[in-house]
Amino acid sequence: MDYSDSAFQVVVDRNSSNGSDLGTLSPSSDSGIDGEHLKVVTAGDKAVGFGGVTSLDILGPITEAVASHLGVSPSGIPRWAPGRNSSLGEEYFQRIEAIEFTIKQDDGALPQNLHKADIVLAGVSRTGKTPLSIYLAQKGYKVANVPLVMNVESPRSLFEIDQEKVFALTINPVVLQTIRRARAKSLGFTDDIRSNYCEMDYVKVELECSSKIFQQNPVWPVIDVTGKAIEETAAIILRLYHDRKNKCSMPRISKLY
């Protein structure tokens, strides 16, 4: 008995020994699915055929439509197959480990683990520490970020770890105020709560306090994130990180990038 659709034909043979249906697939004349993809579909069809389970290929037509639109044929090669360049190798699992570590270390959590980080970001609230951390983690770096809050003592471990791991973030006060106002509004803060968090005088004082901390730790590069995309800031950090790791000569002062 033959079943067919626009993508492929299924030919079912009766196995006399156990009565099960073994499905085999062959490309239709107008199929956009190549041989490798058919092998995958065939394997799935046989698996459900042994149990007598009714199956429906819902991805085949979608794959065919995308392939037709792009003018390419799907490889049908699984992610872990030897033929794929992006197999689930050691590098992949290192990235997963880095992402898990970074999420756990977000916003100053678990300061006792700062020594395990490859990169530590320090800065006042809303300087982009979290998205920057996640971006770097996706590249395989374990990142921790520590918020610098006025009148709140920073964790001692921030100053005890390898100081060449630490990167300071700063921002223009006007831009920071705008970001904070938008954030406070999205969280439904009242005017009383917003006054301290978003008012220019408070923003300037908080940035001045963080600047004093940066001056007291001259090994930390200070990166101004104003107007920079996350990718730009990450590129600066990684360049400095690898320069230090490779023992390239660098001035031991807090330089504004």
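**Before you click.** This is a predicted model, so local features here need a pLDDT of at least 70 and side-chain atom pairs count only at pLDDT 80 or more, while totals for chains, interfaces and linings use all residues. Residues are numbered from 1 along each chain as its sequence is written, and side-chain values use heavy atoms, with hydrogens and water left out.

**Stop 1: the whole protein.** Colour by pLDDT, the predictor's confidence in each residue from 0 to 100. The average is 81, and 74% of the residues score at least 70. Now select residues 1–33: pLDDT stays under 50 there, and the model has 66 contacts for this stretch beyond four places in sequence. A contact means heavy atoms within 4.5 Å.

Of the 257 residues, 35% count as buried; buried means under 20% relative accessible area, exposed over 50%, and partly exposed in between, with a 1.4 Å probe and protein chains only. Among contacts between residues at least 6 apart in sequence, 67% join residues at least 24 apart.

**Stop 2: the second largest pocket.** Its volume is about 320 Å³. Select Ser-125, Arg-126, Thr-127, Lys-129 and Thr-130, the closest to the pocket's centre among its 18 lining residues. Helix H4 (129–137), strand S5 (143–147) and helix H6 (173–187) each give two or more residues to the lining, and H4 gives the most, with three. Colour the lining by class and you get seven nonpolar, seven polar and four charged residues.

Grid points are joined across faces, edges and corners, and the volume is the space filled by probe spheres set on them. Ala, Val, Leu, Ile, Met, Phe, Trp, Tyr, Cys and Pro count as nonpolar, Asp, Glu, Lys and Arg as charged, and the others, Gly among them, as polar.

**Stop 3: Gln-163.** Select Gln-163, in the loop between helix H5 (157–160) and strand S6 (166–170). Is Gln-163 buried or exposed? It is buried, because its relative accessible area is 18%. Leaving out residues up to four places away in sequence, Gln-163 touches Leu-158, Asn-217, Val-219, Trp-220 and Arg-244.

**Stop 4: two positive phi angles.** Most residues other than glycine have a negative phi. Leu-110 is not a glycine, yet its phi is positive, at about 50°. Look for Leu-110 in the loop between helix H3 (90–104) and strand S4 (119–123); at 35% relative accessibility, it counts as partly exposed. Next pick Asn-151, whose phi is also positive, near 70°. Asn-151 is in the loop between S5 and H5 and counts as exposed, at 78% relative accessibility.

How values were computed. On a 1 Å grid over the protein atoms alone, a cavity is a set of points where a 1.4 Å probe fits but cannot get out, and a pocket is an open set with protein on both sides within 12 Å along at least five of seven lines; lining residues have an atom within 4 Å of a point. Helices (H or I, at least four residues) and strands (E, at least two) are DSSP runs, numbered from the N terminus.
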